Amino acid sequence: MNEREFKRPSLPGSALFEAQADGADPAEMAAAGHRIATLLVRGPRSGDDQGLVDRVLHLADEEGLGVIADLWSHAAADSLAGALWRLYLLRTWVYRQPEQAAREFGAGKAYAPVHEVLAGVVDPPGPEEVIALVDTVVRGIVGDDFDVTLDRAAAFAHIVGVGRAQLDSGDPQSAAKLVDTAVHLRRAAELERSSRLH
């Protein structure tokens with residue numbers, strides 16, 4: 001995944017939190033990102049939590065997920081927010097370049113058969129199948145099997161990274177970043193299984 005391929009979403013201002021002024025403190029933004037990540041994955045625990053989730057989902061519908069995802073962009077890789085940022089980047093890239101994703105996935109399958117089974121893409125993977133996989137993974141964010149969601153995303157990123165490195169037109173640096181993303185997602189899955197992903 002090439003970072004240059006992603007346009008960084010703009011930071012949300014007062015539209016996200018009515019009481020928050022534009023140009024909010026970065027620490028407050030990070031805390032808000034962690035809270036939103038926790039609510040989206042773990043679910044609301046109170047009426048106030050549900051109200052925030054409703055506002056976040058409305059904002060995502062109106063402005064796009066990127067507005068919210070940017071809150072996660074500086075989170076540590078071994079955090080809930082950091083894992084969601086990596087899922088967001090994978091999904092965004094696949095939607096922007098589904099043919100490339102399918103081609104690289106196809107090239108990587110032969111070199112990572114265990115990951116292929118875990119990723120769950122049909123054979124042969126076309127752009128639609130790759131998009132369907134990523135959407136299935138992202139839909140699994142809310143639920144009891146978040147670790148499985150992270151494992152599947154890690155497997156997908158690993159296969160695509162290996163595939164990118166195998167193709168003549170591949171970019172070794174971005175291929176290595178995809179494999180690193182897979183490592184981070186796999187680690188997040190391990191932390192989730194041991195109830196240590198926060």
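Figure 1. Helix α8 covers residues 146-166. At 1.5 Å a residue, its 21 residues should span 30 Å, and the end C-alpha atoms of α8 lie 30 Å apart, so the two values agree. The expected span is 1.5 Å times one less than the number of residues. Helix α8 is mostly covered, with 17 of its 21 residues buried.

**Figure 2. Packing of α8 with α9.** Helix α9 runs over residues 172-193. The axes of α8 and α9 are 8 Å apart and meet at an angle of about 165°. Because angles over 145 degrees count as roughly antiparallel, α8 is described as roughly antiparallel to α9. The crossing of α8 past α9 is left-handed. Sorted by class, the residues in this contact are 15 nonpolar, 6 charged and 4 polar.

Figure 3. Leaving aside residues up to four places away in sequence, Ala175 touches Gly161, Arg164 and Ala165. The C-alpha atom of Ala175 is separated by 9.3 Å from that of Ala157, and these two residues are 18 residues apart along the chain.

**Figure 4. Span and burial of helix α5.** Helix α5 comprises residues 98-109. Of the 12 residues of α5, 9 are buried, so the helix is largely enclosed by the rest of the structure. The buried residues include Pro98 and, at the other end of the residue range, Lys109. Also buried in α5 are Gln100, Ala101, Ala102, Glu104, Phe105, Ala107 and Gly108.

**Figure 5. Setting of the close-up views within the whole protein.** The secondary structure of the predicted model comes to 9 helices and 0 strands. Read from the N terminus, the order of elements is α-α-α-α-α-α-α-α-α. The protein has 198 residues, and 49% of them are buried. Among contacts with a separation of 6 or more, 68% are between residues 24 or more positions apart.

Definitions and conventions. Residues numbered from 1 in each chain as written. Predicted model: local features only at pLDDT ≥ 70, side-chain atom pairs only at ≥ 80, totals over all residues. Heavy atoms only, no water. Helix = DSSP H or I, 4+ residues; strand = E, 2+ residues; numbered from the N terminus. Contact = heavy atoms within 4.5 Å. Axes fitted to C-alpha atoms, helices over the stretch in contact; angles between N-to-C directions. Parallel < 35°, antiparallel > 145°, perpendicular 65-115°, else oblique. Left-handed = near helix turned anticlockwise from the far one by under 90°. Nonpolar A, V, L, I, M, F, W, Y, C, P; charged D, E, K, R; others polar. Buried < 20%, exposed > 50% of the residue type's maximum accessible area, 1.4 Å probe, protein only.
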